[in-house]
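User: Please examine the model shown below and answer some questions on its side-chain contacts.

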Amino acid sequence: MQHRGQESTDGHGGGELTVPMAWLYAEYIADELLRTGDLMPPSSFEFRAGRDALALTVFLSDPGGELSGTRVVSQLETWLSLTAYDQPWQDWVCERLADLAADAHARGTHSPDLALAEAAWRWLRETELLAPDLDAVPGGIAGAVGEDEGPKVWTPAWQLGLPLGHLAIHLF
């Protein structure tokens with residue numbers, strides 16, 4: 001896929017379009033995991049939050065950008081541990097993105113993969129979704145009110161997407 005006036009796929013210029021294959025592959029893996037789990041409609045914001053959280057996990061846990069289809073299954077345990085409830089996932093994401101940005105800057109290159117990962121992280125941080133308030137017990141009786149009728153709170157998208165992605169990995 002070439003386009004004049006852009007960088008090459010290897011980042012050295014040359015008038016070709018740079019294709020962010022590592023990010024697109026991470027998104028594809030995340031999308032497939034979520035679709036297989038059938039947890040949310042693919043058109044929902046919750047699905048997008050889960051896909052972006054999983055894609056970040058997949059992309060950032062593969063520093064060489066060399067994840068092949070045959071290695072996906074071997075990485076499931078790594079992704080489960082990174083997305084577990086008691087892990088500081090958001091801190092890990094920030095650190096990995098900063099490291100990749102520093103590496104790209106030191107090499108004097110622009111990474112379209114990194115740009116898409118940063119955009120996904122920005123969306124996950126800045127977007128809030130209305131979700132059930134799991135800390136509230138309506139009327140003092142747990143379970144007395146349906147899911148759509150209980151109290152709701154605005155929650156950063158990553159806080160909804162991360163457990164959704166974690167569950168999708170389990171179901172895979």
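User: How many aromatic pairs does the structure hold?

Analyst: This is a predicted model, in which local features need pLDDT of at least 70 and side-chain atom pairs count only at pLDDT 80 or more, while totals for chains, interfaces and linings use all residues. Residues are numbered from 1 along each chain as its sequence is written, and side-chain values use heavy atoms, with hydrogens and water left out. Rings of Phe, Tyr and Trp (its six-membered ring) pair if their centres lie within 6.5 Å; planes under 30 degrees apart count as stacked, over 60 as edge-to-face and the rest as tilted. The number of aromatic pairs in the structure is five.

User: What is the angle between the planes of Tyr-25 and Tyr-28?

Analyst: Both residues, Tyr-25 and Tyr-28, lie in helix 1, three residues apart, which is about one turn of the helix; helices are DSSP runs (H or I, at least four residues), numbered from the N terminus. Their rings form a stacked pair, with 6.3 Å centre to centre and a plane angle of 20°.

User: Why is the pair of Trp-89 and Trp-121 edge-to-face?

Analyst: The ring centres of Trp-89 and Trp-121 are 5.5 Å apart, and the pair is edge-to-face because the planes stand at 75°. The pair links distant parts of the chain, Trp-89 in helix 4 and Trp-121 in helix 5, 32 residues apart. The deciding value is the plane angle, 75°.

User: Is Trp-89 buried or exposed?

Analyst: Buried means under 20% relative accessible area, exposed over 50%, and partly exposed in between (1.4 Å probe, protein chains only). Trp-89 has a relative accessibility of 1%, so Trp-89 counts as buried.

User: What is the N to O distance in the salt bridge of Arg-35 and Asp-31?

Analyst: A salt bridge is a side-chain nitrogen of Lys or Arg within 4 Å of a carboxyl oxygen of Asp or Glu. Arg-35 and Asp-31 both lie in helix 1, four residues apart. Arg-35 is partly exposed at 44% relative accessibility, whereas Asp-31 is buried at 15%. Their side chains meet with an N to O distance of 2.5 Å.

Definitions and conventions:
Helices (H or I, at least four residues) and strands (E, at least two) are DSSP runs, numbered from the N terminus.
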